Amino acid sequence: MDFRFDEDQELLQNTVREFLQTEVTPGSVRTLWETETGRSPELWKQLAEIGLPGLLVPEQHDGMGMGEEEMVLLIEEAGRAALAEPVIATAAVAVPLLAELGGALANEWLPKIAAGEAVVAVGHPVSPFVEDAHVADLLLLPDGTGALHAVTRDAADVTAQPSNDPSRRIATVEFDASESTRAAHGDEASRLLAAALDRGALACAAGALGVCDRLIGLAAEYAGERKQFGKPIGSFQAVKHMLANVKVKLEYARPLVQRAAHSVANDASARDVHVSMAKLAACEAATSGAKVALQAHGAIGYTWEQDLHLWMRRAWSFDHAWGRSPFHLGRVREALFTGALPIGPGTTFRGDA
Amino acid sequence: MDLDYSKDQQTFRADAREWLQQNVPATALESFDTAEGAKQHREWEARLNAGGWAMVPWPVEYGGRGANLLEWLIFEEEYYRAGAPKRINQNGIFLLGPTIMEYGTPEQKARFLPKMASSEEVWAQGWSEPNAGSDMANIQATAFRDGDHFVLNGQKTWASRGAFADWLFGMFRTDPESERHRGLTFILVPLDLPGITVRPIEQLDGLAGFAEVFFDDVRVPVEHQLGEQGKGWSVAMATAGFERGLMLRSPARFQATAKRLVELARLHVDSIEPSVRDEVTRCWIAAEAYTLDTHRTVSRLLADGKIGAEASLNKIFWSELDLRMHELALEILGDRGELRPEAPAAGDVGSWLDGYLFALSGPIYAGTNEIQRNIIAERILGLPR
């Protein structure tokens with residue numbers, strides 16, 4: 001029993017943090033907001049060079065062959081930097097899905113993803129929208145019968161749905177399902193879709209941790225500098241306490257995300273419940289972080305010009321993607337009230353292996 | 001990350017479970033804040049000690065089992081799973097004990113720890129004074145040196161377990177010229193010395209859970225000073241860290257309450273609002289989060305890490321979770337939520353009401369949650385004082 005990330009994992013996290021600190025700035029995020037796709041193929045290629053899109057790609061397909069424990073640490077950094085690239089859609093969700101589908105799909109697309117030459121988006125019944133469909137070379141989509149299809153973008157009808165976050169590009173997608181597009185059906189498709197949902201939700205939870213940490217940092221920095229009544233507003237207890245409350249939420253969401261990553265990586269029996277606990281707690285921390293950081297900034301935080309809202313919008317986006325809070329709360333509630341889950345002292349680490 | 005228990009850890013759990021199954025009293029003991037209950041709890045502690053389970057993470061020479069912190073968490077899980085009695089000597093074993101381990105001389109360790117582990121000597125805490133509550137640096141009780149003794153004068157209050165304890169620990173001002181945090185010394189005081197008056201105080205639940213303690217020219221040998229003279233504040237901060245963090249409130253306690261709450265909600269599922277089920281679910285998630293966080297901390301400590309200001313995060317989290325769980329239970333019990341267990345119409349109200357009254361003290365003791373929030377803001381987030 002050792003509930004810690006190891007040194008190599010933390011080293012990898014620091015490398016990505018340093019890269020993103022230099023390459024992704026509020027200015028560069030805003031520049032992308034003004035573009036048609038909101039995405040930068042050059043940045044995506046750079047991310048591929050440090051191994052991000054191919055993190056979960058098996059080594060035989062030219063990837064890093066790592067797992068969800070590493071993935072959550074890197075997506076936390078993506079959240080901290082307010083990175084808009086399709087890391088969750090492609091790296092966290094599509095890659096393991098393609099690897100499980102195997103065959104020609106995996107052989108063709110996994111090496112391209114690892115090389116930063118392809119984006120793959122994934123749809124799921126939990127949401128009517130598909131994130132990053134507008135830039136995807138390949139779409140993995142469910143049909144009305146629960147089967148899973150692989151469709152290239154030119155064969156799909158993609159309608160952009162502008163959202164509250166200019167970094168979150170979502171669309172409704174229509175396509176003609178046929179024998180030739182079908183990649184999986186029946187139990188296999190249900191299993192793959194369930195795994196995709198858990199991976200997407202886990203990634204959002206990880207991103208929300210980074211966003212929340214950044215929001216607290218921005219608010220604490222501002223409150224330490226801004227003076228009213230002759231002193232920094234951060235010296236007032238009302239301001240201190242609301243920021244401390246968010247810090248408590250963040251630090252108790254963190255171990256839930258850490259454990260959920262372990263459960264997804266090891267396909268634990270309570271994987272879905274662990275993921276939902278993590279998504280719920282991390283997104284609540286991030287959305288309350290957004291509110292509190294705005295309040296600490298006051299009117300200046302309410303402007304488009306101030307960068308605070310880059311992270312506020314990321315918090316709201318992570319909350320919406322891959323199952324909103326009521327969905328995840330419902331999954332945990334059902335497991336508790338049907339008695340499906342062993343509970344009480346001594347049960348926390350049962351069935352993790 | 002390795003989330004499996006080793007063979008040895010599994011054996012440790014099985015041993016603890018077996019011993020507890022055979023030894024935990026079948027009927028609940030009376031509250032240790034009564035004379036009879038205190039006697040029953042001392043007997044239980046003696047039994048626990050004879051079985052070698054009183055203080056599992058301590059070295060064997062001090063009455064412990066020589067286990068590590070992870071095994072201690074396993075023991076705590078089994079202890080709460082078995083519904084074993086509360087620990088009457090928690091001020092000693094969980095707060096002062098670890099502090100003596102860190103600051104005590106070899107003689108002090110040998111003198112105090114074994115009798116603490118066996119609860120032959122039960123400890124009260126003497127933190128607060130009438131004018132030193134949240135503002136603990138305002139301590140006014142004095143201990144001036146006279147030869148090889150300190151002479152103590154002044155008053156402590158809200159001394160938990162003071163009514164039935166044998167010893168008290170606390171800070172006293174040893175330098176008359178000193179102010180605030182400086183010039184304080186951490187002293188261990190036998191409560192049967194001449195000049196000491198203990199006046200029990202009834203708590204919100206009607207029992208004498210704490211006491212006022214008056215010192216009138218009380219002579220205490222200097223070897224009962226813990227840590228350096230005038231450096232009591234840093235010793236006390238270590239004790240407070242244990243109080244706010246994982247020693248005093250191990251996660252199993254809250255997992256046991258969360259489990260009872262879920263079971264209560266399941267039983268009354270047809271009569272409760274959907275929002276109550278949601279809140280119960282959130283509480284259970286929070287209890288798991290606290291458990292996971294504690295395992296994260298213990299993993300770090302086993303790899304030579306340290307605990308700092310983050311103990312304040314713990315204290316806020318467990319105290320507010322405990323209160324929320326009890327509030328919800330009373331809400332589920334509805335009209336019967338105000339009944340004492342002995343009321344004819346009480347049904348399954350159990351101990352929720354007493355638990356609620358106790359949980360209300362959580363955000364107050366060990367440093368109010370407002371003080372904890374200040375610590376988080378200033379020491380972790382770097383906000384100005």
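Reply: In this predicted model, 42 residues of chain A are in contact with 46 residues of chain B, where contact means that the C-beta atoms of two residues, placed from the backbone, lie within 7 Å. Residues are numbered from 1 along each chain as its sequence is written, and chains are lettered from A in the order in which they are written. Local features need pLDDT of at least 70 and side-chain atom pairs count only at pLDDT 80 or more, while totals for chains, interfaces and linings use all residues.

On the chain A side, α7, α8 (237-265), α9 and α11 (325-337) each supply at least two residues; helices here are DSSP runs of H or I, at least four residues, numbered from the N terminus. Helix α8(A) gives the most, 13 residues. By class, this side has 24 nonpolar, 9 polar and 9 charged residues. Nonpolar covers Ala, Val, Leu, Ile, Met, Phe, Trp, Tyr, Cys and Pro, charged covers Asp, Glu, Lys and Arg, and polar covers the others, Gly among them.

Now for α7 and α9. Helix α7 (residues 186-225) of chain A packs on helix α9 (residues 271-297) of chain A at an angle of about 25°, with axes 8 Å apart. The axes are lines fitted to C-alpha atoms over the stretch in contact, and angles run from 0 to 180 degrees between N-to-C directions. The two helices α7(A) and α9(A) are therefore roughly parallel, the word for angles under 35 degrees. Their contact has 24 nonpolar, 3 polar and 4 charged residues.

Notes. Angles under 35 degrees count as roughly parallel, over 145 as roughly antiparallel, 65 to 115 as roughly perpendicular and the rest as oblique.
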